[in-house]
Amino acid sequence: MDVDPRHYEQIAIKDSDIHNIVLSYLVHNCYGETLESFVACSGMPEPADFIEDMEKRKGIVRCALEGNALKAVELTERVAGDLLENNKDLHFDLLSLHFADLVCAKKCTEALEFAQKKLTPFGKEKKYVEKLEDFMALLAYEEPEKSPVFHLLGLEYRQHVADKLNRAILAHTNLPSYTAIERLIQQTTVVRQSLNQDHGKYMIS
């Protein structure tokens, strides 16, 4: 059920609200240079307290994306203390990225040793067993990128883990883990679903 545009097109939107939405997006995604340009052009006060943290986050996320997951773990522990200790799912995901990199580099012996030392302990919890089996299955193929679990080696999975890491660090530092525009989309979706349900009930009655 679509809302009649006439119901909201007369509502005034403040420039400051738009600026804050854009600022939220830039800070979340660590677009430092764009942020500086935007602040200069819009006349907004520069969020100096975010800049340093943003650069640290950017470096950590870049490590996860560029095949240096262990460095990402090290930097996360340095910046966010007990984050990975309290977020075992994320810790497993980062370690699994390093395992996947070793497999891709044909360092199968090193990958197996790493899995036994760092990944196997997660198998004590049932929810990690299937994940462990999927990653270990990569060792069974001469061309793991053609295996049934090839997606674990792809950029999409790596991006997924990097996004989780970014959100977790933001939450750990008491910053929103989702951008303002993401929240707006989520809220709009919920409202639209609610309107559709109400419309459906009205049609039935």
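**Entry 1: the cavity**

I started inside the model, where the largest cavity holds about 60 Å³ of space. For my own record, a cavity is a set of points on a 1 Å grid over the protein atoms alone where a 1.4 Å probe fits but cannot get out, and lining residues have an atom within 4 Å of a point. Grid points are joined across faces, edges and corners, and a volume is the space filled by probe spheres set on the points. I looked up the lining next: it has 10 residues, and D53, M54, R57, T173 and L175 are the closest to the centre of the cavity. Two or more residues of this lining come from each of α3 and α9, with α3 giving the largest share, 4 residues. By class I noted 7 nonpolar, 1 polar and 2 charged residues. Here Ala, Val, Leu, Ile, Met, Phe, Trp, Tyr, Cys and Pro are nonpolar, Asp, Glu, Lys and Arg are charged, and the others, Gly among them, are polar. With a threshold of 30 Å³ or more, the count is 1 cavity.

**Entry 2: ground rules**

A reminder to myself: this is a predicted model, in which local features need pLDDT of at least 70 and side-chain atom pairs count only at pLDDT 80 or more, while totals for chains, interfaces and linings use all residues. Residues are numbered from 1 along each chain as its sequence is written, and side-chain values use heavy atoms, with hydrogens and water left out.

**Entry 3: the whole chain**

I counted 10 helices and 0 strands in the protein chain; helices (H or I, at least four residues) and strands (E, at least two) are DSSP runs, numbered from the N terminus. Of the 205 residues, 32% are buried, meaning under 20% relative accessible area with a 1.4 Å probe, protein chains only. I then checked contacts, defined as heavy atoms within 4.5 Å. Among those between residues at least 6 apart in sequence, 57% join residues at least 24 apart. The chain exposes about 13300 Å², and 54% of that comes from carbon and sulfur atoms; the areas are by the Shrake-Rupley method with a 1.4 Å probe.

**Entry 4: the pocket**

Which residues lie nearest the centre of the largest pocket? I found N29, V61, Q159, D163 and N166, out of 15 lining residues. A pocket is an open set with protein on both sides within 12 Å along at least five of seven lines, and this one has about 340 Å³ of space. Helices α1 (15-28), α3 (48-65) and α9 (155-172) each supply at least two lining residues. The lining divides into 5 nonpolar, 5 polar and 5 charged residues.

N166 lies in helix α9. Is N166 buried or exposed? N166 counts as buried, because its relative accessibility is 7%. Beyond residues up to four places away in sequence, N166 touches H28, C30, R57 and V61.

R158 also has its place in helix α9, and I have R158 down as buried because its relative accessible area is 10%. Leaving aside neighbours within four places in sequence, R158 is in contact with A64, L65, G67, L97 and D101.

**Entry 5: helix α4**

Last stop, α4 (residues 69-80): its 12 residues reach 16 Å from first C-alpha to last, close to the 16 Å expected at 1.5 Å a residue. That expected span is 1.5 Å times one less than the number of residues. The buried residues of α4 are A69, A72, V73, L75, T76 and A80. After α4 comes G81, with a positive phi near 55°.

Methods: Buried < 20%, exposed > 50% of the residue type's maximum accessible area, 1.4 Å probe, protein only.
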